[in-house]
Amino acid sequence: MNLRLSKGKVPIQGKGETPFLLIDFPSEEEFKKFYKGHSSNAEMYWDIVNRLSSGMTMVEAGQPYALTRERVRQIEAKFIRLLGQVYWEGIESNLSILSTLSKRVVLMTEMKQTSLPSDGNH
């Protein structure tokens, strides 16, 4: 599962018997809070993950920055991994950053999955 297919949610690694959770996409302010210190390109990364979340392909999301599909995939993977860490650490320690980050959690198994034709862009 990726940002393009999760329709405004972020698929993070679950715990226990839940393989994945879909949590609300963070605001730009929340993104900057948890991404701080992980990259000097936070503005560009925010734009890329936001583009992916809105339905753009990896090629389309990376085009304004002359990034390859693989580099965009890496940026997306890092974003999902970091958000998952923040989410689970917040659950365990009640961090204030999570007060608005995820109001609703949807089990991925409850989502109806659709297959898209493979066009080589995702």
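Glu-28 is partly exposed, with a relative accessible area of 32% (buried denotes under 20% relative accessible area, exposed over 50%, and partly exposed the range in between, for a 1.4 Å probe and protein chains only). The model is predicted, so that local features require pLDDT of at least 70 and side-chain atom pairs count only at pLDDT 80 or more, whereas totals for chains, interfaces and linings use all residues. Residues are numbered from 1 along each chain as its sequence is written, and side-chain values use heavy atoms, with hydrogens and water left out.

A search of the whole structure identifies six salt bridges (a side-chain nitrogen of Lys or Arg within 4 Å of a carboxyl oxygen of Asp or Glu). One of these joins Glu-28 to Lys-32, with the closest N and O atoms 3.4 Å apart. Both residues lie in helix H1 (residues 28–35), four residues apart, about one turn of the helix; helices (H or I, at least four residues) and strands (E, at least two) are DSSP runs numbered from the N terminus. Lys-32 is partly exposed, at a relative accessible area of 35%.

Glu-29 is exposed, with a relative accessible area of 54%.

In helix H4 (residues 69–93), Glu-70 and Arg-73 are three residues apart, again about one helical turn, and their side chains form a salt bridge at 2.7 Å, N to O. Glu-70 is partly exposed at 36% relative accessible area, and Arg-73 is partly exposed at 34%.
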